[in-house]
Amino acid sequence: MKALNIIETAYRGTLEEQDDTIVWITHAMKGAGGDLSVLLRGNAVNYGVKAQNVGALSFGARQQKSAPQLAEDVAKLPGKGVEVFIVEEDLSERGIAAGDLVDGLTAVSRDQVPKLFDGFDQVWHW
Amino acid sequence: MADKKTLTFALMDAPFENARSTTALRLIDIAARRGYDINVFAYEGAVYLPFSHQAKHANAVHGHEVEEEDHPLPREWVSAVIAEAEKNGGKVDWVNCGLCVDERGAADSVDGVRRGTPGDFWNMASASDGTLVIPTK
């Protein structure tokens with residue numbers, strides 16, 4: 001079985017979870033033997049931007065360590081055999097150039113997305 | 001049942017915040033009435049859907065005492081769909097994401113709910129006729 005995780009809702013609890021929960025569950029399911037790919041669309045295309053940097057969160061004297069590293073988490077997926085697609089128009093609408101992205105992502109146009117679905121048994125839109 | 005289906009649902013929303021998980025439970029209820037085998041992977045806030053300490057309350061704005069108000073409790077709905085599936089020859093395998101439970105202190109669940117991992121979700125989806133994810137937006 002092959003599944004495609006479409007990630008559209010971006011920065012959902014990422015400060016609290018220290019990651020994106022769908023990127024995380026993709027890593028976890030791949031580790032459990034799953035055959036998955038990821039499609040970043042909408043605001044979630046920003047997950048691929050390597051310059052993003054979240055400073056350490058602090059409340060009073062409580063300094064939170066281990067801030068989220070979203071671009072790194074996405075960049076690690078292809079190395080594990082998880083192909084990561086990203087929608088070109090969603091990048092250009094946000095002024096994000098290909099050179100702004102981490103390596104290993106595969107750009108697809110919106111027109112190509114339905115054809116992309118054909119390669120998967122299940123498509124999960126998060 | 002020759003056309004018996006196996007369906008998997010992934011839920012993310014905490015109870016009492018929006019109608020998405022209620023809609024999911026309505027779909028699960030239909031499947032339970034048909035005797036289908038149903039898998040639920042409760043991820044993130046959804047692990048609170050079967051939380052056993054949910055309690056009904058009175059509502060002064062409505063002018064109702066506890067009994068008259070009959071406040072909805074998702075834990076009762078979860079128990080009800082589990083019982084409904086069993087009554088009709090199906091089953092509900094409700095898996096709460098273990099790490100999500102730990103970070104929320106939500107370990108106490110109604111009967112029929114078990115702790116699991118994303119690997120359980122993968123295995124359930126792989127063995128299903130269809131999977132529906134209903135994420136937090």
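Start with helix 3 of chain A: the cover over its buried residues includes helix 1 (14-17), helix 2 (21-31), strand 2 (35-40) and strand 5 (83-87) of chain A. A quick word on provenance: this is a predicted model, where local features need pLDDT of at least 70, side-chain atom pairs count only at pLDDT 80 or more, and totals for chains, interfaces and linings use all residues. Residues are numbered from 1 along each chain as its sequence is written, while chains are lettered from A and ligands numbered from 1 in the order in which they are written.

Back to helix 3 of chain A, which spans residues 70-79 and has Leu70(A), Val74(A) and Leu77(A) buried. Seen down the helix axis, the buried residues of helix 3 of chain A fall within an arc of 45° (taken from the directions from the axis to the C-beta atoms), so they line one face. An α-helix has 3.6 residues a turn, so residues three or four places apart point the same way. Glu72(A) and Gly79(A), on the other side of helix 3, are exposed. Here "buried" is 20 or more other C-beta atoms within 10 Å of a residue's own, "exposed" is 12 or fewer, and partly exposed is in between, with C-beta atoms placed from the backbone. Just after the helix, Gly81(A) takes a positive phi of about 90°.

Zooming out, chain A has five helices and seven strands; these are DSSP runs numbered from the N terminus, with helices being H or I of at least four residues and strands being E of at least two. Along the sequence, the pattern reads β-α-α-β-β-β-α-β-α-β-α-β. The radius of gyration of chain A, over C-alpha atoms, is 15 Å, close to the 14 Å from the globule rule for 126 residues, so chain A is as compact as a globular protein of that length. That rule is 2.2 Å times the number of residues to the power 0.38.

Now for chain B: 13 of its residues are in contact with 14 residues of chain A, a contact being two C-beta atoms, placed from the backbone, within 7 Å. On the side of chain B that touches chain A, helix 5 (118-126) and strand 5 (130-134) of chain B are the elements giving two or more residues. Helix 5 of chain B supplies the largest share, six residues.

Finally, back in chain A, Leu40(A) touches Ile7(A), Val45(A), Tyr47(A), Gly48(A), Val84(A), Ile86(A) and Val87(A), leaving aside residues up to four places away in sequence.
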